[in-house]
Amino acid sequence: MMASSYNAKDEDGHITVTGPGGGAVLRSKKPENTAFKQQRLPAWQPILTAGTVLPAFFIIGLLFIPIGIGLFVTSNNIKEFEIDYTGADTSSPCFNCSQNFSWNSTSPCTCTVPFYLEQPYESNVYVYYGLSNFYQNHRRYVKSRDDSQLNGNLKSLREPSKECEPYAYHNNKPIAPCGAIANSMFNDTLELFYNDPNGTSVKILLGTTGIAWWTDKHVKFGNPGGVDSNLSAVFQGTTKPLNWRRPVYELDSDQSNNGFVNEDFIVWMRTAALPTFRKLYRIIGKSSQMVPTLPRGNYTLEVVYNYPVRSFEGRKRMILSTISWMGGKNPFLGIAYITVGSVCFFLGVVLLVIHHKCGNRNNGAEISN
Amino acid sequence: MLFHLIVVSLNRSFGTRTVYIGHKEPPPGAEAYIPQRYPDNRIVSSKYTSWNFIPKNLFEQFRRIANFYFLAIFLVQLIIDTPTSPVTSGLPLFFVITVTAIKQGYEDWLRHKADCSINECPVDVVQQGKVVRTQSHKLRVGDIVMVREDETFPCDLILLSSSRHDGTCYVTTASLDGESSHKTYYAVQDTVAFRTEREVDSLHATIECEQPQPDLYKFVGRINIYKDREEPLARPLGAENLLLRGATLKNTQHIYAVAVYTGMETKMALNYQSKSQKRSAVENSFNLRLKDTVLTASVKNHLLSNSTSLVCLPFLLQVIRAFTDFLAFMVLFNYIIPVSMYVTVEMQKFLGSYFITWDEEMFDEELGEGALVNTSDLNEELGQVEYVFTDKTGTLTENNMEFIECCVDGNLKMRRGHVCGLTNMSRFKAGLCLCRQEHEDLFFRALCLCHTVQVKEEETVDGIKRGIHQGRPTSFYISSSPDEVALVEGMKRLGYTYLRLKDNYMEILNKDDEIERFELLHVLNFDSVRRRMSVIVRSSSGECLLFCKGADSSIFPRVVSGKVEQVKARVEQNAVEGLRTLCVAYRRLSESEYKEARRHLNEAQLALQDREQRLAQAYDTIEKDFVLLGATAVEDRLQEKAADTIESLHKAGMKVWVLTGDKMETAAATCYASKLFRRSTQILELTKKRTEEQSLHDVLFELSRTVLRQRSISGLSVDCLDFGLIIDGATLSAILKSKQEGAGPGNYREIFLEIGRNCSAVLCCRMAPLQKAQIVKLIKASKEHPITLAIGDGANDVSMILEAHVGIGIMGKEGRQAARNSDYAIPKFKHLKKMLLVHGHYYYIRIAELVQYFFYKNVCFIFPQFLYQFFCGFSQQPLYDTAYLTLYNISFTSLPILLYSLVEQHITTERLKRDPSLYKDIAKNSLLRWPVFIYWTCLGVFDAVVFFFGAYFLFDNTTFTSNGQMFGNWTFGTLVFTVLVFTVTLKLALDTHHWTWINHFVIWGSLLFYVIFSLLWGGIIWPFLNYQRMYYVFMQMLSSGPAWLSIILLITVSLLPDVIKKVLCRAVCPTATERFWRITVLLKLFVSQAVGFAEFLSLIFLIYHYFFLKI
């Protein structure tokens, strides 16, 4: 009895047994003869040699090049038009607006930018606004929001999360929507007019729905108090973000696009990955099969210039783009596919040569061995 | 009072303590009674108490640099505003710390319980003439204790008397040093008579002994027995009187003994201090790399934080800002050294070492034991061994001694079991020479008497009276030296049976079935310096005889008559055959000579200081003027497959050095037999014989010239002529001593090393244990810092086992000391082959890949994060979501590499064993050298650049959805992360050469897990989370065609360079390993993967087990 208790103490006591040596008692028996324990599990033993890799290279080459060409062609067929309306130049129409900007002005500054589309845009046209040198991905900016408030949580509406600081309270009233992202929401209004060759200017209908993710609009974002509530009543006791001109419940007259579920707002709240980015603004739906959505000709962009970017040397653009299955114009993927495919094909050839030469040499060596 | 103090301090300074047996004061005249304070017999092995557990445990844990680093990161995250929440680093740290604390707490609780049960264990103490039962921890120094059969000694005791009449008792020290043989301990003759409680209690004596010291086999003391009014009687006490705590009493009904060392001062408690930890070279290079990475990370941080602080701010603010930015970047990049790497490496080592213990081929049926792993930290070191230092006896050879021959005066008496010449010749030459006959008788008696063998009678062992065979009880011999057993057994075959030692009389049954009795007067024990032992006996005729047996070199100089030449010739011939020879001599002592000898011995034995030295002097004066009787030869057969193993080690590029205490000829013969030396080997001798002729200086220079010339001639093909070096202990110590005399040309060490390095095999004979360790140290410290391995089986190998990088113990016959002190223990020498060539090789490539891959995958992980800082205004914005940051190393990419590092076999076991030269492929840490590391890092950076800029150009100011909607920064991160997870997992798949069903399961499983997790993570609005940034991000990304296309493209591009590198390297300059692959290219396809699910469950269980018992 005494001896056994002593041994037990030895094992976990002073001797530091770091390995499995502690189980000495168990191992008086022969180890089990199982494939796993004897490291003899049946195994597949692939080996990468020139011979096995060659076909793979050729297959990759043959697959990637056509895909790349397809992507490249698709990308090239996409029509895109971009116009910068920042007003940095004295010659630009918006120069005045950009110069005379003041936060307090009640009368909005408006400027019109004419442009000419050389090609007709056949299918749906997507209108984007683009910002440059705008670090929407800055850490302190990205986290400055309260998702639970945006989801319609009444408690968070009254007590915005700490993350929103310093845009959580204003004059002791909670800000709705709180945070730096919401506060800096893009609020230029863009309108397009087609200048008919006969002199009349036709306003182009810009669709405001479908620009935000469906899940964002219907699940992630929600107005406090449910769908049909009276928004102005619900938001009673909160204050609008400092830089906003209107409170959140007056963003749109359409009730289903108002408040936190306003699509412009939702689009803005999805912070961009890079400092130069564009965001979907409007969709110009194709009206009929016969007429192109945007025919060739002169257009006017009418901007209600609210959004100051000069202070951080930013740029504002308006982009018109058609869309294919692979999105907007981006030759990168196509070029990359073609390049990688060709490189693989070329390597395949090189390896074939090496394999042929070295293979022979090595085989010879093996025989002599 | 002052006087007391002085005495106490004197006692202290002399390093002795005085124990009053039964706490009785010595008679007034003798010495003042000083109640000394000793600790009680409480054993405390527990580290913590309930109140200091938390602070002490935390302190211990955070002393580990890794834990501290993570704590620092965590604190930084708490204090300043950082990109990731403190939870991401706090949670894993908390987990690791808690699990470790729970585990350690549990262990400590067990220790408390064990301590408690031991401390409260009943002990019989003699008090006022009665046996009183008390608790173990109440024992004090000076108490008289009674111990019954099969009980364990409660503390270190001095034996006073036993139930046996001769005052001896048998003890097994199995729990102390693993030797299960019974050892005899003796009581001082003057106290033997105190046989009952009452008598013992009346004993009036004090014991003076040294202060406690950890050496188990050393004890010096003196007992002073006071009898009424007489001069106290002083008797020496040695290790044979000291019963150690932890040992068990056997075959003795009870004993009385007095406690001298108690509690934490017992030798056992002093001995179990933890050994210093060996660290593997791989781990060292890994730590080095770690420092490096931290450094680059901080440089990176510095760069980035500088670029942020360009903003015009007041200077002080700017400094503070820069500093907090720096910390924030540190937090962001700390993922490059994840906690999980430590956990994975530890887990790999721990679980991996099970494969060694599980190995059936390393199981020895005879011994009933397989390999043992005492440290799992050194697994990969087994694949790096360059020098193997092996013991000869019991390691290369069986240590199964067989008596081969004996010769008396140079005439053969017996050879390999055939009694030759004895009957015939003696009959033929009967009466020719009486002195011959006399020598023969003496020779056999000498062998029967001059030993320390014990006789174990079967009946006493089993407790059952067995039948008596052929008129004599069956018995067997037990001894610490197998040679002696072989000799005594050999004598038995020749008709002289040693019966027993009874009441100091040795009984021999001679050829004529008569019992001869010799009184044993003294035993001059064997030691490795004298290399001989002697006994002094008195025959029935009253004659005093000294018999001595020992190595030839220690006997011949002391011989005055006898046929030295003939015996010498015989001995040398036997030595050449690889037999172990002993010479036997005797000396007739006259009564006066005996008295003189006795006086010398007693004096030396009574000495309290320098006893060893004085004993040696006494022995030296007594053992002289011998008459040579003859010589014996004992064969120690080579272990099976020893030669094959040595040959394999040679082919694997290892240098094998044999270090033995044996004589040169014997050792050299063994070397030839084990193919360490071949016929073609040119032997260089560096022995005392040669250095006596020439000076050491000349010999060394001549040898080094020979070696170097040969090398320059043969150029590249060094192995066309190999050298073997033989060096002996004396020359070695001369070489080592020269070091102190200064460097320059007289620095023999360097020359010796140079010679040793160029020899394929080196034999060091006549080595003392410490010299073995010195040699290992010498090689270890040479300028290439080779990895050394020492293998041995005996206590004399322990020092070298502890000194070498890897110490391997053989579970041999000479006890368990070597196995206990080793890092790995194996049953036989032949198992070394599989241990190194297969397990070592596997572990090395596994751990190498594990370490490199970990750095690679974290470079891939963090470098895009770094690049992203250039596009987010250096704001430390994380690229990936918090969940991805946290889980990347914990669950998405952890299991495949862990499994790889457990089961990868780049070549089959059989091939590794058949082709030892494959071992050279991984020599010198070849898979963890800078070029390899740089390659991995470059690959990581390249992949990271591909991921990041691939996603960048895809996102660059355009959309890639078919409905025109835009993606945000989280989609960007998720795209990079998806490509990342797939690429690093597939990269591992490319590196896997051994696809078992578990590999398939884990690799594809973890990819699937990533996808499922992402779907789930983005699939719902998570309650209790204050952000929903990932909501539907993953799904939206997958709904876009170009995202799929770019994922495929980026993965292909990332993997391409590695594939090309692999193929090109293999085609252009294949290593031996790779050449082999070409031969068996893809003969095996998917073999049936259906292996019982139980295997998998057992793995899960192991991991579970691991988490609960060890972190």
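**View 1. The annotated active site at B:Asp391.** UniProt, in an unreviewed entry, places the feature "active site" at B:Asp391. UniProt positions follow the numbering used here, feature names are shortened, and annotations may be inferred rather than shown by experiment. This is a predicted model: local features need pLDDT of at least 70, side-chain atom pairs count only at pLDDT 80 or more, and totals for chains, interfaces and linings use all residues. Residues are numbered from 1 along each chain as its sequence is written, chains are lettered from A and ligands numbered from 1 in the order in which they are written, and side-chain values use heavy atoms, with hydrogens and water left out. B:Asp391 sits in strand 15 (residues 387-391) of chain B. Helices (H or I, at least four residues) and strands (E, at least two) are DSSP runs, numbered from the N terminus.

**View 2. Surroundings of B:Asp391.** B:Asp391 counts as buried because its relative accessibility is 3%. Buried means under 20% relative accessible area, exposed over 50%, partly exposed in between (1.4 Å probe, protein chains only). Beyond its neighbours within four places in sequence, B:Asp391 has contacts that include B:Leu659, B:Lys772, B:Asp793 and B:Asp797. Contact means heavy atoms within 4.5 Å. The side chains of B:Asp391 and B:Lys772 make a polar contact at 3.1 Å. Such a contact is a pair of N or O atoms within 3.5 Å; within protein, one must be able to donate a hydrogen and the other to accept it, and residues adjacent in sequence count only if both atoms are side-chain atoms.

**View 3. An antiparallel sheet in chain A, order 1-10-3-8.** The sheet is open and has 4 strands. Strand 1 (80-84) and strand 8 (277-284) are the edges, each pairing on one side only. Two strands pair if DSSP finds at least two bridges between them. Strand 3 (residues 125-132) joins strand 8 through 7 bridges. Here A:Tyr128 has A:Leu280 as its bridge partner.

**View 4. An antiparallel sheet in chain A, order 2-9-6-7.** This open sheet has 4 strands. Its edges are strand 2 (109-117) and strand 7 (201-203). Strand 6 (residues 189-195) and strand 9 (residues 297-305) pair over 7 bridges. A:Tyr194 stands opposite A:Tyr299 in strand 9.

**View 5. The annotated transmembrane regions of chain A.** An unreviewed UniProt entry places them at residues 47-73 and 332-354. Residues 47-73 are 89% helix and 0% strand, with end C-alpha atoms 38 Å apart. Residues 332-354 are 100% helix and 0% strand, with end C-alpha atoms 32 Å apart.
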